[in-house]
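Biologist: Thanks for joining me! Could you take me through this one, starting with the terms you rely on?

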Amino acid sequence: MKGYRLDYLEQLEAESIHIFREVKSQFERPALLFSGGKDSITMVHLARKAFAPGKIPFPLVHVDTGHNFPEALAFRDKLADDIKATLVVRKVEDTIQLKKLMEPKGKFPSRNWLQTYTLIDTIEEFKFDCCIGGARRDEEKARAKERIFSVRDEFGQWNPKLQRPELWNIYNGRIHKGENVRVFPISNWTELDIWNYIRKEKIALPSIYFSHDRNVIEHEGQLVAMSEHVQISENDIIQSKKVRYRTVGDMTCTAAVESSASNLDEVIDEIISTRISERGETRIDDKVTEAAMEDRKKNGYF
Amino acid sequence: MDLLRFITAGSVDDGKSTLIGRLLYDSKNILIDQMEALERSTKNNADGSVDLALLTDGLRAEREQGITIDVAYRYFSTPKRKFIIADAPGHVQYTRNMITGASNANLIIILIDARQGVVEQTRRHSIIASLLKIPHVVVAINKMDMVDYSIDVYNNIVIDFAEVARQLGLQEVKYIPISALKGDNIVERSLAFSWYEGEPLLKMLEEIEIKEDVNLTDARFQVQLVLRPQTDELHDYRGYAGKIISGIYKKGDKVRVLPAGIETSVTKLEIGGNEVDEVFAPQSAVIQLADDIDISRGDSIVKSDNLPTISNEIEVILCWMDETPLLQGNKYLLQHNSRLVRTVVKNIEYKLDVNSLQQRSAEDGVKLNEVVKATLKTASPLVYDTYEKINENGSAILINETSNSTVAAVLFK
């Protein structure tokens, strides 16, 4: 029977495709939450495979913080265009104006918290009953315990104590009116799995994932890109460095790493040899409290 | 590189969290910032040591109460394998979580405290392993440092467990003495066990043969979704998307669509939009057929010369997972992969004591975490195999239609 075996990436791919197809079958109005980062680009690739030769049968939804890297936005628009996907963009800026929300203050005014408001409004606007997210269980402690089909109440809240048992490969997506489900098709992938898959499938990524020159300031050991959203103080030294990003998020809370890795092989080599995990290295807002993610998820975050 | 999914069974006191922490730590899958968070959390320890168990404690609610409330998934890899650990709590009130974690596992590590030997919990974990037919069992006899690495203590526990395994019919059982706390026999063979000839635990996990775990003999496929793009260039395209549950399908195969019973043949096979000559478990594929037949989600496509059972009255083992008790005569939705049918629990024959395997009367109703033998009657026939023959075609869940909760795991007999 030699030959009839899948390697680990093929197994992960098969599982994710299965999940995408369950979503399409079980929900009336699903949407794929698209950030422009490598995880959501990988999800789009998997979704295309799940529904080929047809196109992806649901919209890509981007909750735009207004603090995005221009390269990532350009990439997003081109990708949606290339695959003829419907792209829905809703801006945190508009929610702030409309609902008179307080902008975060401080040196790095991250809008990550505020994304939740825009997301919930978008879900209401389009009556989405399922939002597909790119969260992985290896990212963070709270995520390690979340189901692949995660039921949220009408406030988007996750209740870790009331999760449905998830057995074999059977997914129960039945919900009451007003509830919706977050589905995480790449739950079982690690950061390295994603990178190896991107290399294997030759998936294109925004340029910021590879080494480039950028003006940055150093803050508590992390490199933050200069942008109009960052408050500069007198002590800050703006310097040009060769950097790349490991995640693409809000420019104010996503740190760069010094790197000369300019192609996938070099990036993967660096990741294997690096000993710092993804969220710790590049997310400035997670360090605030150890339970930060648990709190955000309970409040409707992805 | 392949993928091994395993579950660890043991209570907090057996050192389960320490073992997982140790596997992650010693295989260098703990990263610096996780390490820092760990050190921050353990700085109150009198001896300043790092508490490996904290690596696996997820939610603040759990840390505050010092318990684990749910299955957590952990990931690590070595150059040989990627591993997914389902970390499930072991107390009787968490049987539900253990079954959840065990449902996808190729392997179970049953932890035994060397000072306690085989106890009621060991028996329960073994019964669940046998109920769910987990193909490989590793019995890790932990805390050997607390019994002076005694070969006699180890041998006596092996003899006791072998008797449990014999009663339950557990086939592939391997034994290993360890100390998760000291790191003995986890990644490296420990000098403390001069008498132990076998491999350390990680090596065992890397080398256990799992390719036989996938059934490639009996071809089973259930339609998840009918793909009909209906664009100009794909006007007549009609593909049946789904997961190959077991077996192999080739272009030209004579197949039967069930439960309708219509014969046709495979004309085209696709994986991710690319045409291929054959597809096999556990791939997600698209099958095209020669004839235009009315096929919808939940229908099965099998080979004409190898048929599953078709019935609307099925003997099952039910693992009850809901706070609301099960009563004979209750109606539920049954989800068998992608097939959803109404069902009634007709007859509850007996309750299975998961601590002793004894059968008891079920007249007082079936409560959370209890396991029963029952008969289900479904509104339309199911196309299935016994759980023993093909796990994934022999399992289902029950859903309470009013709460939408998943209330039971179902194993077809």
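Modeller: Helices (H or I, at least four residues) and strands (E, at least two) are DSSP runs, numbered from the N terminus. This is a predicted model, where local features need pLDDT of at least 70 and side-chain atom pairs count only at pLDDT 80 or more, while totals for chains, interfaces and linings use all residues. Residues are numbered from 1 along each chain as its sequence is written, and chains are lettered from A and ligands numbered from 1 in the order in which they are written.

Biologist: In what order do the six strands of the open sheet in chain B lie?

Modeller: Two strands pair if DSSP finds at least two bridges between them. By that rule the pairing in this sheet of chain B is mixed, and the order is S2-S3-S1-S4-S5-S6.

Biologist: Why is one side of S2 and of S6 in chain B left without a neighbour in the sheet?

Modeller: S2 (72-77) and S6 (172-177) of chain B each have a single partner strand, so one side of each has no neighbour in the sheet. The reason is their place, at the edges.

Biologist: Which residue in S5(B) stands opposite B:Ile112?

Modeller: Strand S4 (residues 107-113) and strand S5 (residues 136-142) of chain B run parallel, joined by seven bridges. Opposite B:Ile112 stands B:Ile141.

Biologist: At about what angle does helix H1 of chain B run to S2(B)?

Modeller: Axes are lines fitted to C-alpha atoms, for helices over the stretch in contact, and angles run from 0 to 180 degrees between N-to-C directions. Two residues are in contact if their C-beta atoms, placed from the backbone, lie within 7 Å. Helix H1 (residues 16-26) of chain B lies across S1, S2, S3, S4 and S5 of that chain, and its angle to S2(B) is about 30°.

Biologist: What share of the 413 residues in chain B is buried?

Modeller: A residue is buried if 20 or more other C-beta atoms lie within 10 Å of its own, exposed if 12 or fewer, and partly exposed in between, with C-beta atoms placed from the backbone. Chain B has seven helices and 23 strands. Its buried share is 49%.
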